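This report describes the fold, the aromatic contacts and one surface feature of a protein chain.

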Amino acid sequence: SDKMEVAVLLLMVQALQLCALVGGTFTAFTVPLDPREKFCIFQPLHGKVDLSYEVVAGRTDVDFSVSDAPRGVVVFDRRKRSSGVFSTTAKDTTFEICLRNSHTLSGTISVHFSMDYILSEDLEEKTFSTAIEKSTSSMEQALHRVLLLQDHAQAEHAYHMYLMQDNNSRVVVWSCVECAVILLVGFLQVVAVRRLFREPGGSASSPARPQSN
């Protein structure tokens, strides 16, 4: 049964990839950002685009902006967020899409970015001659939606994995520090007790022995 589930999953992934090629363009990648670094891409648009981003490594937020490059107009601007989405429809223009790590002073963060682009021709109403063509088109759109959800789930998994590893590292460090503190306190207590029973001359006092008559 496990082999059957793996085979079905592989077939579904191949179908989703084929759907992405036929019904539109889907792009997803992870961007590493150093402190104060800005990453931008330029995307020609003639249709509908869905953008999403999410910080998958690093405990900080990022700035995300979308601008109409030819006109110099900021279409979308969101600051100090760890994730976000943006959807719009445009024709014959070019968008400048930027991510900026401006809220951390040290360390590199990773941002997962995805873009789903559908040409305007695919958005127009179509007449289907047969029920099979209509059913195929509906299945194509549904599979394309599943591809987006799968990418979002992978980004969530990467972020939760990072949190788990980071929390594990913090627990190990704090455990070592606490052990060191306990050992230091125990050593200081032993030294303090020995000093309480030490004679002024410098040697530790011994209990007095009874004298015989």
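The model is predicted. The protein chain contains three helices and six strands, and its elements follow the order α-β-β-β-β-β-β-α-α from the N terminus on. Of its 213 residues, 28% count as buried. The chain exposes about 15000 Å², of which carbon and sulfur atoms supply 59%. Where contacts join residues at least 6 apart in sequence, 79% of them link residues at least 24 apart.

Five aromatic pairs are present in the structure. One of them joins Phe 29 and Phe 39: the ring centres are 6.2 Å apart and the planes stand at 70°, so the pair is edge-to-face, the class for angles over 60 degrees. Because Phe 29 belongs to strand β1 (residues 25–33) and Phe 39 to strand β2 (residues 38–57), this pair ties together parts that are ten residues apart in sequence. Elsewhere, Tyr 53, Phe 64, Phe 76 and Phe 86 make up one aromatic cluster.

On the surface, Val 173, Trp 174, Val 177, Val 181 and Val 185 form a nonpolar patch with about 460 Å² of accessible area together. Val 185, a member of this patch, is located in helix α3 (residues 131–196).

| Residue | Relative accessibility | Class |
|---|---|---|
| Phe 29 | 25% | partly exposed |
| Phe 39 | 27% | partly exposed |
| Val 185 | 39% | partly exposed |

Methods
Residues are numbered from 1 along each chain as its sequence is written. This is a predicted model: local features need pLDDT of at least 70, side-chain atom pairs count only at pLDDT 80 or more; totals for chains, interfaces and linings use all residues. Side-chain values use heavy atoms; hydrogens and water are left out. Patches are made of residues with over 30% relative accessible area and no salt bridge: like charges are joined within 9 Å, nonpolar side chains (Val, Leu, Ile, Met, Phe, Trp, Tyr) within 5 Å. Accessible areas come from the Shrake-Rupley method with a 1.4 Å probe; for residues, only the protein chains shown count as cover. A salt bridge is a side-chain nitrogen of Lys or Arg within 4 Å of a carboxyl oxygen of Asp or Glu. Helices (H or I, at least four residues) and strands (E, at least two) are DSSP runs, numbered from the N terminus. Buried means under 20% relative accessible area, exposed over 50%, partly exposed in between (1.4 Å probe, protein chains only). Contact means heavy atoms within 4.5 Å. Rings of Phe, Tyr and Trp (its six-membered ring) pair if their centres lie within 6.5 Å; planes under 30 degrees apart count as stacked, over 60 as edge-to-face and the rest as tilted.
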